[in-house]
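This briefing examines selected local features of a structure. Please view the sequence and the model together while reading the points below.

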Amino acid sequence: MTSARKKPLQIAPYVFVLPNLIIFIVFIVIPAFANFYLGMFKTSPIAPPVFVGLANFRYIFLIDDLFKRSLSNLFSFAVFDVVAIVVLSVVIGVLLNQSIRGKSFFRSAFFFPVLLSPVVVALVWGWILNSRFGLLNATLIWLGFKGQPWLLQPDLAKAWTVGVHVWATVGFFAIIILAGLQSIPETLYEAAEMDGSTPIQNFFYITLPMLAPSITTVSMLSMIRAFEIFDHVYILTGGGPGTATMMVVQYVYRAAFELDQQGRAAAASLVLFVILLSLALVQYILGRRQESV
Amino acid sequence: MRKVIILATVLIMLVPLAAFATGATETATPESTVIRFTWFTDGPDRPAIEALVTEYMVANPAVKVELSIVPFAELNQLLNTQASAGQAPDVARVTEPYRFFDYALDLRPHVSSGFGAQFLAGPMQLVTTPSGALVGFPHDLTMNGPFINVSLFKQAGIPVPTGKVSWETWFELASKVQKATGVPYAVAADRSGHRLDGIIQSFGGSYFTPDGKSLNLSSPKTVEALRYFVQLHKDGVMPLEIWAGGSGYVGANQQFVNGQLVMYVSGNWQVAQFASTIGDKFEWAAVPNGYNVQSGGMPGGKFVMAFRGKTDPKEVGKFIEFLSSKESVTKYASTAMFLPARKDLIASGIQYPVRTDVMNVFSAGLGQMPATSFSDNYHLKFGIVANVVRDRITQAISGEISFEEAMPRMQREAEELMK
């Protein structure tokens with residue numbers, strides 16, 4: 001009697017997750033495998049797909065300068081983006097943790113850009129940075145300086161893609177740091193004060209080490225976000241000038257929809273998939289380690 | 001009871017999925033023939049085609065034409081999905097018929113003999129399959145060409161030249177007008193490999209050899225034109241923000257409409273919009289494409305094609321003949337302000353509701369384009385090769401790489417696409 005009652009209870013959880021599982025399998029797992037399969041074909045709208053083995057992978061790694069360029073753009077973007085986000089989120093988090101007037105206002109102000117759609121952020125910054133009619137150049141000219149082609153010169157455009165993305169996302173990461181700061185026991189600072197430590201020593205010997213788990217989280221999350229970047233950059237610069245800010249997702253888009261090379265696009269997206277999967281695994285392992293500590 | 005609740009919950013959650021899977025189905029009225037007609041609209045053509053469909057149904061009470069207007073961005077994907085599922089519409093307006101040759105209806109047994117001869121031969125190639133089947137007709141044509149702000153020329157005291165004028169002369173004059181009037185832009189061209197080919201043609205160059213078998217990107221004339229185009233940006237004659245400041249297609253409509261641009265290389269599809277938005281703000285006109293060793297310009301256009309399906313092909317053929325008739329094309333092209341692809345209408349001209357003078361400049365240009373304009377535009381790989389040229393030339397314009405570095409990379413990437 002008892003075992004007969006237990007049986008449906010064991011099935012029930014699986015039945016409840018079934019709809020989500022079906023969606024996950026249909027829209028994530030099957031497309032991932034199909035993507036790998038598609039990556040081994042040369043496609044064309046005017047001819048049936050032709051099996052080419054690993055030729056698409058060979059082409060993107062050995063021949064196509066644009067794929068290498070998009071990968072290099074992505075890595076340099078990720079490095080500068082993550083470093084800037086980690087440093088600024090710690091600085092902003094520490095500042096927002098001070099007992100100052102208008103603390104709530106400043107916390108809201110730094111978090112506000114996170115609420116904006118990437119499209120809005122990129123369009124607004126695009127207007128600000130427009131070389132002829134933008135607010136920034138108008139201000140510079142009014143102050144007696146010369147306007148700059150902010151988004152039309154490759155190095156400047158690269159710098160602004162990082163700057164705009166950091167502006168739009170750092171508030172989110174600062175909140176993570178702030179939560180980490182608020183979980184540091186006050187007694188540690190009191191004990192250090194009794195031993196005569198300075199505020200700078202407190203920061204380097206108490207705050208930073210105690211913030212290590214939060215900083216790790218911020219680093220990993222910001223890195224995953226950086227490697228997924230598309231909308232901010234695509235709308236701000238369109239990957240230009242030239243291909244100076246073209247990222248891998250845009251390369252995939254161009255190959256699939258502008259050159260009709262779905263096989264090549266699938267191969268490139270598989271490379272991005274491997275990068276993101278590796279980062280997610282690192283994050284998972286670090287998270288498990290922190291839990292065990 | 002618990003089992004029933006669990007089962008009901010799961011079924012409720014799966015219902016939306018089932019709805020996605022089945023999609024909407026149409027039921028035909030049993031007593032009438034239903035022709036499913038898919039159309040994407042450029043804007044002004046919508047009332048024109050709706051009027052023609054209504055006219056056809058009034059004249060043929062036993063036929064119901066179901067007109068579906070779809071966004072252009074979704075057209076190819078939609079038609080591909082429908083066709084591969086055996087649910088293609090009977091007739092559709094498309095830009096690249098070759099994408100659907102596998103599902104197309106051969107119209108030859110269902111239309112009058114000699115059908116197709118009334119249209120320009122170049123565009124007709126695109127609705128003729130490699131096996132010779134005739135699957136549609138060119139419905140309307142577009143033509144690349146420059147617009148000028150005549151008011152700015154007058155303000156600068158520089159007369160607008162007539163006759164055969166080279167691109168160099170046009171651009172030199174536009175620069176003088178810009179300096180004299182203080183407007184920000186002298187010349188801008190749409191960021192498009194198609195528009196760029198229009199300029200290349202006037203230098204005697206092209207993307208493909210006339211037989212279409214190989215690329216012509218490294219020919220001296222093509223290289224000369226491309227180098228000239230890059231130099232225009234380096235010299236500040238063309239602004240960086242159109243070609244270097246974006247991806248995909250970028251136009252300079254706003255700059256021209258706002259009176260900030262002296263010369264805009266675009267095409268006749270802008271005429272209706274310019275007529276309504278510029279109004280009396282300033283005087284503008286279309287001028288012939290630049291003439292270097294020959295006249296430049298590129299054709300373009302939309303096609304109406306038929307798909308295989310359950311509908312009686314004779315009825316489909318009859319509808320196609322109606323849409324392609326001289327009367328229908330005249331009504332359609334004059335309302336939508338497009339150029340006709342029928343030879344008789346090109347010869348006689350069409351009276352448009354506004355700016356017939358401007359449309360006539362483009363009509364006249366159709367007959368002056370070199371043969372390679374047509375062979376390039378109707379090459380099956382034109383779209384993708386044009387995108388490669390556009391992107392590689394942008395790299396040289398932006399200074400990311402030199403022109404000498406850009407050319408072999410362009411050649412290599414385009415060659416890969418030709419395989």
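In chain A, A:Ile25 has its place in helix α1, which covers residues 2–38. The model discussed here is predicted. The points that follow treat a surface patch, a cis peptide bond and two residues with positive phi.

**Nonpolar surface patch**
- A:Ile25 contributes to a nonpolar surface patch of about 780 Å².
- The other residues that make this patch include A:Leu18, A:Leu21, A:Ile23, A:Phe24, A:Val26, A:Phe27, A:Ile28 and A:Ile30.
- The relative accessible area of A:Ile25 is 37%, so this residue is partly exposed.

**Cis peptide bond**
- A:Gly240 and A:Pro241 are joined by a cis peptide bond, for which omega is about 0°.
- A:Pro241 is situated in the loop of chain A that lies between α10 (231–237) and α11 (248–258).

**Positive phi in residues other than glycine**
- B:Met337 is not a glycine, yet its phi is positive, with a value near 60°.
- In chain B, the loop between α13 (326–336) and α14 (343–348) contains B:Met337.
- B:Met337 counts as buried because its relative accessibility is 5%, and the cut-off for buried is under 20%.
- B:Arg355, also not a glycine, has a positive phi of about 50°.
- The position of B:Arg355 is in the loop between α14 and α15 (356–366) of chain B.
- With a relative accessibility of 23%, B:Arg355 counts as partly exposed.

Methods: Residues are numbered from 1 along each chain as its sequence is written. Chains are lettered from A and ligands numbered from 1 in the order in which they are written. This is a predicted model: local features need pLDDT of at least 70, side-chain atom pairs count only at pLDDT 80 or more; totals for chains, interfaces and linings use all residues. Side-chain values use heavy atoms; hydrogens and water are left out. Patches are made of residues with over 30% relative accessible area and no salt bridge: like charges are joined within 9 Å, nonpolar side chains (Val, Leu, Ile, Met, Phe, Trp, Tyr) within 5 Å. Accessible areas come from the Shrake-Rupley method with a 1.4 Å probe; for residues, only the protein chains shown count as cover. A salt bridge is a side-chain nitrogen of Lys or Arg within 4 Å of a carboxyl oxygen of Asp or Glu. Helices (H or I, at least four residues) and strands (E, at least two) are DSSP runs, numbered from the N terminus. Buried means under 20% relative accessible area, exposed over 50%, partly exposed in between (1.4 Å probe, protein chains only).
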